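Subject: Structure for your review

Dear colleague,

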Amino acid sequence: MRKDVRILLVGEPKVGKTSLIMSLVSEEFPTVVPYRAEEITIPADVTPERVPTHIVDFSDAEQTDEQLFQEISKANVICIVYSVNNKTSIEKVTSYWIPLILDNTDKDSRVPLILVGNKSDLVEHSSMETILPIMNQYSEIETCVECSAKNLKNISELFYYAQKAVLHPTGPLYCPEKKDMKPLCVKALTRIFKVSDLDNDGILNDSELNFFQRTCFNMPLEPQALEDVKNVVKKNLRDGVCDNGLTLKGFLFLHTLFIQRGRHETTWTVLRRFGYDDDLELNQDYLFPPLKVPADCTTELNHTAYLFLQSVFDKHDKDRDCALSPEELRDLFDVFPYMPWGPDVNNTVCTNEQGWITYQGYLSQWTLTTYLDVQRCLEYLGYLGYSIIAEQESQTAGITVTRDKKIDLQKKQTQRGVFRCNIFGDVGSGKSGFLQALLGRNLMHQQMIKEEHKSYYAISTTFVYGQEKYLLLHEVFPDLDYLSDADLTCDIVCLVYDISNPYSFDYCAKVFKQYFMDCKIPCMMIAAKSDLPETKQFYGCSPLEFCRRHKMPPPQSFTCNTAGPPSRDIYTKLSTMAMYP
């Protein structure tokens, strides 16, 4: 919502613009009226919407056209004042003032207009008959108010409507010509409905409606009020209520009704509570709340976030098979503006026999996103409505920032729940196979993975002395000269060589000596493809002797060329080494 409101009053000379402002401020009709009132600011605590309001007067006699154009460009709402007893001033509304304003404002961000009929104390009749056709002709016109600066009639109402036109504008929500909500508004309210439909059955039951009401307006609906709402929908829409709950059609109909009855603030309150800005885009402050992550610290999901994500999974796992089919996954991400997970995710986490992401795989992918790109995780949780459904201040309430790695190394143990293991090895050494084996996939399964769907990450759970931990494997591109800080920052290093290739170990030895020999990160040598005949490595010493010299564990034999899922023992060893560096 806007931090302040700027109201500009324009109109023909002598229609009472200055008197209206002075009557509002002093609450009495001024006996002496200057050509133009000075700009006044009404403090937030005395306005109905609790927003500071600036009121600006314009005078032909004192200001130039250039000054007028500047004021028009700065205004959030413009009141065109006419005198109800002066036909010329009414005609000038359409012949001069509206065209002038439209020519000097950006077509994409239209400024709301309010027509103000002043001096209603001087006539018996209303000017509304003349004004209504003008209102129908210009969608920019929010409303028309007849008032009297002399009798103080509708003065405060005039400025309230002006404020409301800025803070709760009709323009983004509703198309008067079509008498229907605009597509962006429908899209936003549809997302709000889906987030609020906690059991994903396509209707908002009484419990969900009450939670929604409490979330947006800080109070539940009385049982009778709830029934009244549903009856209004039933009376006007055949499929607006189903199984005594509100359908999406019914929910959208209610908001259309609010807007048509001038209760825009109701719809805007809902939209803003769910993170939308004045352009009906999700607010950057909502999607990306500030989170400080110091160097050498990592980010993980906490228990509250995992519980929320579990509820989201359960809500969309319609067939209760503990996996998300492509259709169920699309339904889950329907509240996102784009599909966040590509085909590579299926090769990053555990899937079932059909290749669908399992419950464990789903939580693993969220864990990976949080670890690698916490801003992206905050954005995703925002789309799902985490702060609203979990009743938290923001998405950051679901994130734990771990302590500095240096403290872990000093204490020789860590409280982290996610361990990153960077995998180094020459081309063809078996790195990709090592990643996929973590997910329970043998060589035959791996050969079916398309090159364009390949992932350089794999993540799954392991157990260290009965504690569940996440092990995140990252395959580093084999280029000794271009290793980034991210390639070198991890909890444990894996150096993979192919025992059947005599030149394979040389790369591992070079990486270790160049980058890891003098650092405190634990390293492990993996003797991959152990199902093949072992060949003598063309290096100054054997891999076993190399590990002994550098106080590393002996090379660990590994193969993924197995009949069933490959052994997971090696991953438990890696996690244990990472937990007690």
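One aromatic cluster is formed by Phe313, Phe333, Phe336, Tyr338, Trp341, Tyr359, Tyr362, Trp366, Tyr380 and Tyr383. Please note that the model is predicted.

Within this cluster, I would draw attention to Phe336 and Tyr383. In total, the chain has 29 aromatic pairs. The ring centres of Phe336 and Tyr383 lie 4.9 Å apart with their planes at 55°, so this pair is tilted. Distant parts of the chain are linked by the pair: Phe336 belongs to the loop between helix H13 (326-332) and strand E14 (357-358), while Tyr383 belongs to helix H15 (residues 374-384), 47 residues apart. Phe336 is buried, because its relative accessibility is 8% and the limit for buried is under 20%. Tyr383 is likewise buried, at a relative accessible area of 6%.

A second pair consists of Tyr539 and Phe546: with ring centres 5.9 Å apart and planes at 75°, it is edge-to-face. Here Tyr539 is partly exposed, at 21% relative accessibility, whereas Phe546 is buried, at 2%.

Elsewhere, the charged end of Lys92 sits over the ring of Tyr96, at 5.8 Å from the ring centre.

As to the overall layout, the protein chain is divided into domain 1 (5-167), domain 2 (177-278), domain 3 (285-402) and domain 4 (417-579). The centres of domain 1 and domain 4, taken over C-alpha atoms, are separated by 73 Å.

Finally, an unreviewed UniProt entry lists residues 304-339 as "domain: EF-hand". Over residues 304-339 the chain is 56% helix and 6% strand, with the end C-alpha atoms 24 Å apart.

With kind regards

Terms used
Residues numbered from 1 in each chain as written. Predicted model: local features only at pLDDT ≥ 70, side-chain atom pairs only at ≥ 80, totals over all residues. Heavy atoms only, no water. UniProt positions renumbered as here; feature names shortened; annotations may be inferred. Helix = DSSP H or I, 4+ residues; strand = E, 2+ residues; numbered from the N terminus. Domains from an automatic or database assignment. Phe/Tyr/Trp six-rings, centres within 6.5 Å; stacked < 30°, edge-to-face > 60°. Buried < 20%, exposed > 50% of the residue type's maximum accessible area, 1.4 Å probe, protein only. Lys NZ or Arg CZ within 6 Å of the ring centre and 35° of its normal.
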